[in-house]
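Subject: Structure handover

Hello,

Please find the structure below, with the sequence. My notes follow it.

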Amino acid sequence: MLRNRHWLVCCLALILAGCASQRVDWDYDMSAKARQQMAGWKTYAWLPVDQEQSSVYHLDGLQDRRVRAAVNRDLQAKGFREVKQSDADFLVNYLSKTKTRREENQVSTSLGYGYSSWGMGFQTETRVRDYEEGSLMVDFIDPASKELVWRGRSQARIPDRSTPEKRTEQINKAVDAILKGFPPTSGS
């Protein structure tokens, strides 16, 4: 019984550690007008990217297709329909960024022996490692005013080596997590 409980605690810790690796948040216009507007949305279109934006937005062709496919899949699963820009209730855009982060770990070891007032060894080693953290932001924009109405963001560590399938899976998970917060409810 104790062994099963130990195994269950270990599994739960691994699951929570996996969930903790991705941070997600949402922000939106809380005005009554914007909330009513979002409640009536049924159609969307992608905001066209112009040359000025392309210097700001990270436009990797493979990533772009993955993000757009994931957003389209999730929005359509929620009942939204993609239409041409002039007929859309809201416009969709995304931004992705990477940032180098630094992780420091200290490892302490001690060994040796003692005799009288002499002895004992102690050593602390600091290990520093740089890693990449990626952010994906999905924006919903009012087509008339061109103002941001809703934004969802996911941040996660980017694996050092990854296959195309893993990259697609990671983007799908990020988009799924982001769009769980849309449309906003009174508690979110």
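Residues are numbered from 1 along each chain as its sequence is written, and side-chain values use heavy atoms, with hydrogens and water left out.

The average pLDDT (the predictor's confidence in each residue, from 0 to 100) is 78 for the protein, and 73% of the residues score at least 70. Over residues 1-20 pLDDT stays under 50, and the model has 0 contacts beyond four places in sequence for them; contact means heavy atoms within 4.5 Å. Where pLDDT is low, the predicted coordinates should not be read in detail.

Fold. There are 5 helices and 6 strands, in the sequence pattern α-β-α-β-α-α-β-β-β-β-α. Helices (H or I, at least four residues) and strands (E, at least two) are DSSP runs, numbered from the N terminus. Of contacts between residues at least 6 apart in sequence, 74% join residues at least 24 apart. Of the 188 residues, 30% are buried; buried means under 20% relative accessible area, exposed over 50%, and partly exposed in between (1.4 Å probe, protein chains only).

Cores. A nonpolar core is a set of buried Ala, Val, Leu, Ile, Met, Phe, Trp, Tyr and Cys residues joined through side-chain atoms within 4.5 Å. The largest one has 25 residues, and L75, V92, F140 and F182 have the most contacts inside it. At least two residues of this core come from each of α2 (32-39), β2 (43-46), α4 (61-77), β4 (90-115), β5, β6 and α5. Helix α5 gives the largest share, 5 residues. Leaving out residues up to four places away in sequence, F182 touches M38, W41, L75, K78, F80, F140 and W150. A second, separate core has 6 residues, including A45, L47, V83 and L91.

N72 is in helix α4 and counts as buried at 16% relative accessibility. Beyond four places in sequence, N72 touches Y44, W46 and E82. N172 is in helix α5 (residues 164-179). The C-alpha atoms of N172 and V67 are 7.5 Å apart, although the two are 105 residues apart in sequence. N172 is also in contact with A70 and R73, neighbours within four places in sequence aside.

Salt bridges. The structure holds 7 of them, each a side-chain nitrogen of Lys or Arg within 4 Å of a carboxyl oxygen of Asp or Glu. D64 pairs with R68, the closest N and O atoms being 3.0 Å apart; the two are 4 residues apart in helix α4, so about one helical turn separates them. D64 is buried at 17% relative accessible area, while R68 is partly exposed at 22%. R151 and D139 form a salt bridge with an N to O distance of 2.6 Å. Because R151 lies in strand β6 and D139 in strand β5, this pair ties together parts 12 residues apart in sequence. D139 is buried at 4% relative accessibility, and R151 is partly exposed at 28%.

Backbone. A cis peptide bond joins F182 and P183, with omega about -5°; P183 is in the segment after α5. K146, in the loop between β5 (118-141) and β6 (148-157), has a positive phi near 60° and is not a glycine. Most residues other than glycine have a negative phi, and most peptide bonds are trans.

Regards

Terms used. This is a predicted model: local features need pLDDT of at least 70, side-chain atom pairs count only at pLDDT 80 or more; totals for chains, interfaces and linings use all residues.
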